[in-house]
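Subject: Structure handover

Hi,

Here is the structure I promised to pass on. My notes follow below it.

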Amino acid sequence: MAKRGANNSSGANLGFEETLWQTANKLLPFMDAAEYKHVVLGLIFLKYISDSFEEHHNQLLKDPLADPEDRDEYTAANIFWVPSSARWNYLQGKAHTPEIGKLIDEAMAAIEKDNKTLKNILPGNYARQDLDKAKLGELVDLIGTIGLGERENRSKDILGRVYEYFLGKFASAEGKLGGQFYTPRCVVQLLVAMLAPVPGKRIFDPCCGSGGMFVQSEKFVEDHGGKIGDIAIYGQESNPTTWRLAKMNLAIRGIEADLGSENGDSFLKDLHKDRQFDFVIANPPFNMKDWGGDQLTKDPRWQYGIPPKGNANYAWIQHFLWHLAPDGLAGFVLANGSMSSQQSGEGAIRQAIIEADLVDCMVALPGNLFYSTSIPACLWFLSCGKNNGRYRDRRGETLFIDARALGEMTDRVHRELTEDDVAKIAGTYHAWRGAKNAGEYHDTPGFCKSVTTEEIARQSHVLTPGRYVGMATKDDEDDEPFEDKMRRLTKDLYAQFEESARLEKEIKANLKKLGFCDER
């Protein structure tokens with residue numbers, strides 16, 4: 001992954017990924033990738049809260065009336081109390097001693113003891129015999145160079161970003177990826193901006209990953225005059241390490257959430273099965289094959305048809321709908337194939353959902369947004385209350401937005417939606433819905449169109465925006481000079497050539513491991 005400038009306001013890249021990878025290469029021969037990921041995330045969290053503590057500690061030192069060692073001074077400022085033996089400076093000073101693993105374990109235990117919201121969340125077992133203490137010391141030194149708790153980094157979902165990095169880089173080393181992709185921050189911002197959660201409502205993510213959706217939802221409420229805690233947060237996550245990561249990520253920000261008493265599979269062990277929510281927001285694993293469909297053929301959630309056993313996309317969609325309140329709104333990411341697939345009954349399920357008038361808006365996203373996959377993705381918005389009185393009556397209508405031309409390349413292979421892009425897409429949706437002060441909606445050729453359910457039926461119930469929005473008119477096109485456009489397109493093309501070559505090399509390597517390599 002190429003580095004990008006540390007001043008990138010999105011926080012998508014913090015500049016230390018390559019160094020982490022180099023350290024991983026030193027440690028990976030001694031442990032598997034999944035375990036290394038767990039070790040690093042615990043240390044990242046410890047460094048994060050220690051940095052925040054030290055910053056506040058230094059402020060208190062300047063106040064003659066304050067006691068820098070008074071625990072209440074920190075809890076009053078919503079900052080975790082870090083005992084002296086758990087502070088990063090102390091641990092880094094012991095990084096190259098044989099007892100560093102034991103000291104880290106003791107630090108984690110001490111922090112949990114003094115901060116009840118972190119009980120049973122933090123990782124341990126750094127003192128185990130098979131964890132090379134010299135390599136662990138090197139890792140402590142490396143993380144010590146990163147200013148995780150600095151004020152400018154606190155809004156960047158750093159734990160989530162580090163998790164994204166590991167999902168991508170360690171996928172092949174772990175031997176599986178399972179369609180799980182960290183949601184880029186710009187996509188989360190777009191989802192939240194379009195859902196526009198309001199105080200007093202309940203929001204749910206049944207595959208919450210590192211909790212980034214919740215972080216941005218709370219930020220949205222704060223930016224619109226509310227405060228942390230004004231929305232009730234519920235979630236679920238199947239991976240135990242990721243579940244703890246989400247708990248840590250939310251705890252850092254003082255966000256209370258019900259993520260269940262343990263990790264759990266949303267299909268086979270729905271921890272919130274009797275609850276409905278005002279908002280559902282999610283990025284479920286793309287095209288997941290082994291999701292337990294053969295055990296759930298008679299599940300009451302399948303109100304629009306039994307989803308295929310070999311692909312969970314339409315199981316997720318119906319799971320979201322099952323948990324949606326009568327006036328609720330769901331916004332989620334899926335692979336583009338979900339908009340048009342006709343195989344294994346998916347077309348019939350999609351038709352039933354369309355005929356039930358649940359599809360409010362579809363957004364085609366630009367390519368190259370996700371760090372760990374080149375699979376093109378889209379956003380679905382399903383509404384159970386198209387005529388709930390809050391917005392105009394939209395029954396029998398669906399908005400299609402084709403945003404594939406938006407975004408900016410941030411390096412040779414990665415694209416991000418800008419703040420203006422997010423505002424344009426979300427603003428179009430709010431204007432179409434008739435939101436207060438959102439302006440008047442107009443169809444824009446090549447970008448957006450409001451379509452009736454009858455028109456969708458004439459397109460065989462395919463939901464791909466490109467089928468409906470048409471081509472941009474000359475007035476809507478950029479006035480980009482031909483030479484500049486050719487330079488830009490050529491650069492993008494060569495970047496895609498490089499990515500293709502990398503994927504080809506990776507596929508050949510995997511085939512060779514399986515004994516199917518053609519040496520020609």
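Which residue of β4 is the bridge partner of Ala282? It is Phe332. Keep in mind that this is a predicted model. The rest of my notes start from that strand.

**Around β4**

Strands β3 and β4 run parallel and pair over five bridges. On pairing with β6, β4 is antiparallel, with seven bridges. There, Leu334 has Cys378 in β6 as its bridge partner. Of the 12 residues in β4, 10 are buried, so the strand is largely enclosed by the rest of the structure.

β3, α12 and β4 together form a β-α-β unit, and the unit is right-handed. Helix α12 covers residues 313-322 and is mostly covered itself: nine of its 10 residues are buried. Among them are Tyr314, Trp316, Ile317, Phe320 and Leu321. Asn313, Gln318 and His319 are buried in α12 too. What do the buried residues of α12 pack against? They pack against β1 (202-205), β3 (277-282), β4 (324-335), α13 (346-355) and β6 (377-383).

**Nonpolar cores**

The largest nonpolar core has 52 residues. Met194, Val363, Leu365, Leu379, Phe381 and Ile425 have the most contacts inside it. Helix α9 (residues 185-195) supplies the largest share of this core, with nine residues. In soluble globular proteins, nonpolar side chains tend to be buried together.

Take Ile425 as an example. Neighbours within four places in sequence aside, Ile425 is in contact with Leu190, Met194, Val363, Ile401, Ala403, Leu406 and Phe447. There is also a second, separate core of 42 residues. Ala86, Ile121, Tyr126 and Leu131 are included in that second core.

**Salt bridges**

How many salt bridges does a search of the whole structure find? It finds 16.

- Asp360 and Arg394: the closest N and O atoms are 3.0 Å apart. Asp360 sits in strand β5 (residues 359-364) and Arg394 in the loop between β6 and β7 (397-402), so the pair ties together parts 34 residues apart in sequence. Both Asp360 and Arg394 are buried.
- Arg301 and Asp299: the closest N and O atoms of this salt bridge are 2.8 Å apart. Both Arg301 and Asp299 are buried.
- Arg275 and Asp258: their side chains meet in a salt bridge at 2.9 Å, N to O. Both residues are in the loop between α11 (240-252) and β3, 17 residues apart.

Are Arg275 and Asp258 buried or partly exposed? Arg275 has 31% relative accessibility, so Arg275 counts as partly exposed. Asp258 has 26%, so Asp258 counts as partly exposed as well.

**Confidence**

The mean pLDDT of the protein chain is 85. Of its residues, 83% reach 70 or more. Two stretches need a note. Over residues 1-14, pLDDT stays under 50. The model has 41 contacts beyond four places in sequence for residues 1-14. Over residues 171-179, pLDDT also stays under 50. For residues 171-179 the model has 13 such contacts, again beyond four places in sequence.

Best wishes

Note on methods:
Residues numbered from 1 in each chain as written. Predicted model: local features only at pLDDT ≥ 70, side-chain atom pairs only at ≥ 80, totals over all residues. Heavy atoms only, no water. Buried < 20%, exposed > 50% of the residue type's maximum accessible area, 1.4 Å probe, protein only. Helix = DSSP H or I, 4+ residues; strand = E, 2+ residues; numbered from the N terminus. Contact = heavy atoms within 4.5 Å. Salt bridge = Lys/Arg side-chain N within 4 Å of Asp/Glu carboxyl O. Core = buried A, V, L, I, M, F, W, Y, C linked by side-chain atoms within 4.5 Å. pLDDT = per-residue confidence, 0-100. Pairing = 2+ DSSP bridges. Right-handed = clockwise from strand over helix to strand, strands pointing away.
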